[in-house]
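Let's explore a protein model together, one question at a time. Have a look at the structure first, and then we will work through some of its details.

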Amino acid sequence: MSGRPHILYLHGFRSSPRSYKARVVHGRMAELGRAHELICPQLPASPKAAMDLVLTLAGRYADKGPDQIAIIGSSLGGFYATWLAERFGCRAALVNPAVDPLKDLDKHVGVTTAWHSDEPFEFKRAYIDELAALKVDRITRPERYFLLAATGDEVLDYRDMVAHYAGAHQHVIQGSDHAVSEFAQYVDEVLAFCMTAAPA
């Protein structure tokens, strides 16, 4: 089925649709007259609940074919996007994605706050098992993926990303940071990849 894909944006851990990158994507989509084609939900802390929500919101487009949905995922959202791309067979653009968030999540168990509000954010130990169920050990179609990774990421090692998405379209930024503070420079590249038909 032809037509422009809806874009699903998945934010990172403790983040929200109010994050810098989410706002940049929304702004660019609005400039293109496509804001109504952006799906950018607030993800619950529970990985299972988060994916249940996304499947409800985006599954109806994915059911029409892999060209009807494309995903942008940042940090933990990139981890989620990978699982979804494998499930949907669609394109995914990953911005400093978490490759194996299971490694150091123990330290995050407990109650804290979200980045963009004072609302409590609780990460339960049970969520670690929920994350484990979503882990993709090896991507099956590298050509469906675009990796935007920063060597200056202070949270995650870009070398893990480059290795995990071997064979994918890759743009490694020299320097920058985990948030990719200059993301506005790269949003067109990310969206161009997402709006190209998924490989058959």
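Q: How many aromatic pairs does the count come to?
A: This is a predicted model, so the answer rests on computed values. Two rings pair if their centres lie within 6.5 Å. By this rule, the number of aromatic pairs is 3.

Q: Are the rings of Tyr145 and Tyr165 stacked, edge-to-face or tilted?
A: The centres of these two rings are 5.8 Å apart. Planes under 30 degrees apart count as stacked and those over 60 as edge-to-face, with the rest called tilted. The planes of Tyr145 and Tyr165 stand at 45°, so the pair is tilted.

Q: How many residues apart are Tyr145 and Tyr165?
A: Tyr145 belongs to strand 7, whereas Tyr165 is in the loop between helix 5 and strand 8.

Q: What kind of pair do the rings of Phe146 and Phe193 make?
A: Here the ring centres are 5.7 Å apart. The planes are at 35°, which falls between the limits of 30 and 60 degrees. So this pair is tilted.

Q: Which parts of the structure does the pair of Phe146 and Phe193 tie together?
A: The two residues are 47 apart in sequence, and both are buried.

Q: Which residue lies over the face of Phe193?
A: Look for a side chain at 4.1 Å from the ring centre of Phe193. This residue is also one of those buried on one side of strand 4, along with Ala93 and Val95. It is Arg91.

Q: Which residue in strand 7 is the bridge partner of Leu94?
A: Strand 4 and strand 7 pair in the parallel sense over 4 bridges. On the other neighbour, strand 3 also pairs with strand 4 in the parallel sense, over 5 bridges, and there Ile72 stands opposite Ala93. For Leu94, the partner in strand 7 is Leu147.

Q: Is Val190 buried or exposed?
A: Val190 has its place in helix 6. Leaving aside neighbours within four places in sequence, its contacts are Ile72, Ala93, Phe146, Leu148 and Phe183. Buried means under 20% relative accessible area. With a relative accessibility of 1%, Val190 therefore counts as buried.

Notes. Residues are numbered from 1 along each chain as its sequence is written. This is a predicted model: local features need pLDDT of at least 70, side-chain atom pairs count only at pLDDT 80 or more; totals for chains, interfaces and linings use all residues. Side-chain values use heavy atoms; hydrogens and water are left out. Buried means under 20% relative accessible area, exposed over 50%, partly exposed in between (1.4 Å probe, protein chains only). Two strands pair if DSSP finds at least two bridges between them. Contact means heavy atoms within 4.5 Å. Rings of Phe, Tyr and Trp (its six-membered ring) pair if their centres lie within 6.5 Å; planes under 30 degrees apart count as stacked, over 60 as edge-to-face and the rest as tilted. A charge sits over a ring if NZ of Lys or CZ of Arg is within 6 Å of the ring centre and within 35 degrees of the ring normal.
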